[in-house]
Amino acid sequence: MALFKHLALCLLLTLAAAEDDLKCYGADCEVPHYMDDTEQCSGLECESKETLLAMISHYQKEKHDEYLAPLTKPIRDESAVRNFLNEVAVTGDLAATVSPQCSICSQPGLCNSGQCVPDARFPWQYFYCVCPDYASGRFCQNEIKCKDNSCGKNADCYVANHQLNCICKPGYTARRNGRDCDMKVQQACMSGDPHYVTYDGLRFDYQGTCPYVFSQPCTTLPAPYLWYSVRAKNELPGKGYHISQVSEVEVDLHNLTIHVDGRSKTALVNGVQVLTPWYFPNKNTWTVRVRFSGSTFTIENDQGVVVTFTTYNSLCVQVPDIPEFNGATTLCGLAGNIDGKKLDDVVNKNGSVLAIKSSRQPENNNHADFMKTEDTWITDKFLILRPGQENCINGQTLDNNTNCVSTSISLAQSCADVATASQTCYPIQQAEMGLGTFGACQGLGNDTLEDFYYNCIYDICRNPAFKCTEFTYFLQYCQLALPQVAMNQNWRAQINCPLACPLNAHPSTCTSSCPSTCAEPFPEYCDQGCVDGCECDPGYVIDNTVTGSIKCIRLDQCGCVDSDGNAHRPGKPWVTQNCTIYHECQNGTMWSDYRPCSDDGSCVLNSIDMQCKCNNGYRGDGYNCTDINECVETPGICGHGQCVNTPGSYHCTCDDFWLGDNCNTYKPRRHCADLYVYWGVRESGVNSINPPFVLPQRAKFAPMNVYCDMTTNGGGYTLMSSDTADLNTNKTFQDYLIGFGNPATQSVWLGLEFIHQLTTYQPQNLRLNLFRCASNGRPSLTTDCTYPTFSVLDSTTQYSVVIREACTGSEADEHYYQDGWARWDLTQNGPKFSTWDIEAQTTIPPTLRAKMEGDAIYYTCSKSNFNTGWWYVEDQLCGAANLNGVRYTCPVIPVENERYLRWAEGTLGQSWMYLRPVGFPKYDTNM
């Protein structure tokens, strides 16, 4: 048995992934996932599928025979039996007298009309019942037989698989929860590589791998029927193939999108993986239902739209055959319309009909037009499960290779294996005469059998490995069409198509389409015929909480279903009613408890379901949440700042000039240079800064408006002083200390304290823009002059100016040997700032009295300059400049020009004074 388990593991590696939590797929998910189809192998895992299947089938048959006839091999090791009895606390004396064949089945009547079989490993604890076909239930307690009223109108009744089977006659179906098969239906299908049959019976082949619309209303259906849409995607079976097969299906019903992936056997609703059976809104009043049996997914709504997708590459859509669905322009897509006319089923998405002459397409002379028309139904509305899936090939491109070829020869060659493919498919042709492996399918009729035969040749010619898939689909189609006809039990052995089933399961030619599952154990009624496949061994049921493959477990190992009929896995709790009711599966039954979320938690709806989750800043399971001290657990979380823990959060007190939740962004706003470098301001104008020092009537970092020149000489200049008239007149020393004016009009004085603080905080240079009016035939002139360093001392020096170097620039070229302002000893601090209200009379030095008119021996600079404040050089008759002087309007130059705006002892029409950090733009140590 160890070898059997190893072989099964090699073939069913995907089962391991099935135990993972349900996931959300697609762009709308909180955390989107993608399917991983990476294949890896080692040892037996690298053997071919056919080899593994043959080996598994051999060992499985031995195992199944042992299950069905356990009492023919009585236990002979009496010491082992006595040891077992001792373990279950049977006294030694009693154990010595107990027959080795005794087990829990020694009790009479456990299985009623069936046979009791003890578990091979635990014969005193577990047993199962092998029921006759006419009995059902865990203990074979229910007798089943067809009666006159067992099934409804237009339904055939028979007993099989311990179930009463009520199968609608071909062309009919039952309405939701109805007994009578009173609704006529039409069906469109596709299968194989792939072959399509429209509702009206047109047959064609289409290989495109892009998602396409298979069937949907062209516009809307008449009330009360609602919109539906069935989309599909084909895929190439491998590299080098020019044929494809359907691999994914997407269905829109009742504003839900159900996506089924054939490769992983996974169902998703609105991108979220779900377990089957799945009902919306619940089992009793469902309007949408998703079921999975064997290898077949069935998706249906309450209005008769049924989509059947088998994971071995077939898809059928069944709709009511009623006036609301009939008409040439009612249904659209590759499945065509329902109007009884085959030749109008090839319709472009724009509504134009392709003229065709044959009921089998494409014809030899219309391949390009046919494929081009069908390609118009390619759609972008399709969930992407795998990276790169959007890189598809349309039907026109794939149709370039029209010859049947073997995979072992060049695609450019014609098909040399038609004869071999025909011989392989011959058992289907034999059925026309009621002979051979599939002779029981003669009732399908010659037309249907011929279609299957030629489709088989087509498919196997292109992909010989498709043989068993082709025969399996054919047999299951036959079984569903002829539900009461017994099929050949040995067909797989006769054509060498062994079937490998998982542990605790075995192959069966007539597996119930409504098998016993954890969600619905031992169903006594089935509305679909049996099909060839795997069925669980007696005593086991299908674990419907596992996706990807069939898994058979004991009933006591099952999960449970909720009040809506939806399945849940054992050990996977879930919540309802805004997370206040907690549920989990215990011994196969749903157990519930009132368990609200923590006060520090919340009920959240993630991509999958509701759950209690601790709020941000707390940790725990959502029911018990404790505060996270981020300041302790995450050193440095505040970067350039101090961390302060708060309940459920924290906050950072950032160091100066650092911003952001975690103080990781250096963004000072001390002056216009910062705005240029750190904030990307490039336009000149008024901006708000935050000086990093205390100013009169202004707190530290309080906003302050300034005018910025962001274009001249690289930008970053802060306007310190300028005027258009007499702004500076009659201002007191306190006015000059605080500052005044309007930056928006460029008539402003920033204030002595601000200038002192800024030039002390960070070395600044001072740029002067000087303008002279046109005079005596000379044109107007604009020059500039920059002092490399400029600072103002504090109030104890009456804000004395400090300039260490003469200015340079176009203005300095005119006064190379004598600065236009700074004519004092530049190794010393310069003059103090004076205003009319604090200045004292100054005695005129004897050496300068000759320059004064009359007999004056005293002078006052500010009063002599219309009460404007400036750094007057008192021992130089107020100095050579006053850039705060009163402005005048060109070209009228006043007679007493020495009292107006002056520079280099001459008159100016206008001036501007700008500050910018030394070394701009690389002036900051934090850069």
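Which residue of β25 stands opposite Asn165? The legends below take up this question and others. The structure is a predicted model, in which local features need pLDDT of at least 70 and side-chain atom pairs count only at pLDDT 80 or more, while totals for chains, interfaces and linings use all residues. Residues are numbered from 1 along each chain as its sequence is written, and side-chain values use heavy atoms, with hydrogens and water left out.

**View 1. Strands β5, β6 and β25 form an open sheet with mixed pairing.** The order is β5-β6-β25, where strands are DSSP runs of E with at least two residues, numbered from the N terminus, and two strands pair if DSSP finds at least two bridges between them. Strand β6 (residues 163-168) runs parallel to β25 and is joined to it by two bridges, and the residue opposite Asn165 is Cys526 in β25.

**View 2. Strand β24 (residues 505-511) is largely enclosed by the rest of the structure, because five of its seven residues are buried.** Buried means under 20% relative accessible area, with a 1.4 Å probe and protein chains only. Five bridges join β24 to the antiparallel strand β26 (residues 531-536), and Pro507 has Cys534 of β26 as its bridge partner.

**View 3. Helix α10 (residues 446-462) packs with helix α11 (residues 467-481) at an angle of about 165°.** Helices are DSSP runs of H or I with at least four residues; their axes, lines fitted to C-alpha atoms over the stretch in contact, with angles running from 0 to 180 degrees between N-to-C directions, lie 10 Å apart. The two helices, α10 and α11, are therefore roughly antiparallel, a term for angles over 145 degrees.

Conventions. Buried < 20%, exposed > 50% of the residue type's maximum accessible area, 1.4 Å probe, protein only. Parallel < 35°, antiparallel > 145°, perpendicular 65-115°, else oblique.
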